[in-house]
Amino acid sequence: MRASVLAVMAAYLAVAAHGLGSLPILDGRYVYCWRTGQSVTLTTLSSAKNEASAEALNCGLQMTFNAPATISVGQAVPVTWTVSYNPKTILSNSIGLTLPLPVMQSPASRDMYQIYHSNIHSCAYADNVCNAYDNGVYVRDHTPNTLANFSANYSATYATTELSFPRSGSFIIFAHIALPGTTTSERFDFAVYRTITVGDAQVPTPIGLIVGVAVGGVVLLLGIAFAVYRCRRNRASKTATTNTNYRTQTSGPDETQTWARDSATETALAQWRLSEDDVERSQILSKGAFGEVWLGTYRGTPVAIKKLLPGRSSPSDVQDFAKEILLMTTFSSPYIVTCIGVSWYRRTELMLLVEFMDSGDLRTKLDETTPASFSIADKLLMASQIAE
């Protein structure tokens, strides 16, 4: 056990030493990016040529990467990844990405492409972690490269089933794209990470044994759940206090764990969960009948945080909010704020984190501007983007 913990710590330290500005977040959504003084046509990069690096909203592009959490040896991995950007906010990036996006000609097709490199890399979760500069300990090099351009809605989507693993173990996979720079000796690389566990090929098990084990497991779990429920019901009520930075401090067990839940919802929420220690609320922005929106930070980056009102904490209220959060995670458009994730200790403290837009809402903008400062042409453009 001690050896495995040391191996994981070594892997994270290697990441920090090879191009990542902080420990990697392996959730398939948190973007890392680099500007390198090398050609986008190269397949091997030198960390000595790194000119800038950033994370999350500071990268200018958003990415999502979906892959199964577990597979079997030799099984093809169905994975999809999407990259997009918002033309209104992309220039706020901190790595020097500009508009219009540069293009590079493919020697094979002679066509011009904005995305000159896009594929999936993988490496063993061992003594180092693969990234744009470091190959890591590879099990399979990468999936075939795909060139593409952003669509009319500023996004590009990829899919492949060509990645597989010849042996069992824990591995890191990351979706990697590269854009050409304004010169032939400049490029921009972006990556999002996930982990995957590869198990040995499954051996068929008799149906009778499966049914027996399943029934026995259900009975055992029901007995444990009932015992825990009775125990917690008999305990004294717990307290929760909030500090001046509005970072929730909690104590005692989470009684909401005993609520009846939809397993599909729980699994989906877990994929988007962020550590509550990285989230801080600073100022309330608005309040409605069911929830309130706060200005806050996630790892120092400004975000908007939506949470339920203190009086809206019933199981049905929380379940409805969870469904709203999961609906938000399915949106991918440059005209919709990006979902960053969800954080909680107790279910009644669910917090939805989204991209913070500092220009306010449309109603306020219409009220506070004149036809001269907000023209009809701009309003029509905004209306068409809303319709899209």
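## Helix α3: two faces

A residue counts as buried under 20% relative accessible area and as exposed over 50%. The model described here is predicted. With those cut-offs, S263 and A264 are exposed. Both sit on the face of helix α3 that is turned away from its buried side.

Helix α3 spans residues 263-271. Its buried residues are T265, E266 and L269. Viewed down the axis of α3, they fall within an arc of 100°, so they line one face of the helix. An α-helix has 3.6 residues a turn, so residues three or four places apart point the same way. What covers the buried residues of α3? The cover includes helix α4 and strand β17.

## A five-strand sheet

Strand β17 also belongs to an open sheet of five strands. The order is β14-β15-β16-β18-β17. The pairing is antiparallel. Which strands stand at the edges? They are β14 (279-287) and β17 (339-343). Each has a single partner strand, so one side of each is left without a neighbour in the sheet. On average, neighbouring strands are turned by 30° against each other, direction ignored.

In general, strands of a sheet pair through backbone hydrogen bonds, either parallel or antiparallel.

## Helix α4 across the sheet

Helix α4 takes up residues 315-329. The helix lies across three strands: β16 (301-308), β17 and β18 (351-355). Against β16, α4 runs at about 145°. Helix α4 is also part of the cover over the buried residues of α3.

Is C339 buried or exposed? C339 is buried, with a relative accessible area of 11%.

## One disulfide

How many disulfides does the model hold? The count comes to one. The bond joins C33 to C59, with 2.1 Å from S to S. The angle about the S-S bond is -90°, and the link is left-handed.

Where do the two cysteines lie? C33 is in strand β1, residues 32-36. C59 is in the loop between β2 (50-55) and β3 (61-66). The pair therefore ties together parts that are 26 residues apart in sequence. Both C33 and C59 are buried.

Conventions:
Residues are numbered from 1 along each chain as its sequence is written. This is a predicted model: local features need pLDDT of at least 70, side-chain atom pairs count only at pLDDT 80 or more; totals for chains, interfaces and linings use all residues. Side-chain values use heavy atoms; hydrogens and water are left out. Two strands pair if DSSP finds at least two bridges between them. Helices (H or I, at least four residues) and strands (E, at least two) are DSSP runs, numbered from the N terminus. Axes are lines fitted to C-alpha atoms, for helices over the stretch in contact, and angles run from 0 to 180 degrees between N-to-C directions. Contact means heavy atoms within 4.5 Å. A disulfide is a pair of cysteine sulfur atoms within 2.5 Å. Buried means under 20% relative accessible area, exposed over 50%, partly exposed in between (1.4 Å probe, protein chains only). The arc is that of the directions from the helix axis to the C-beta atoms.
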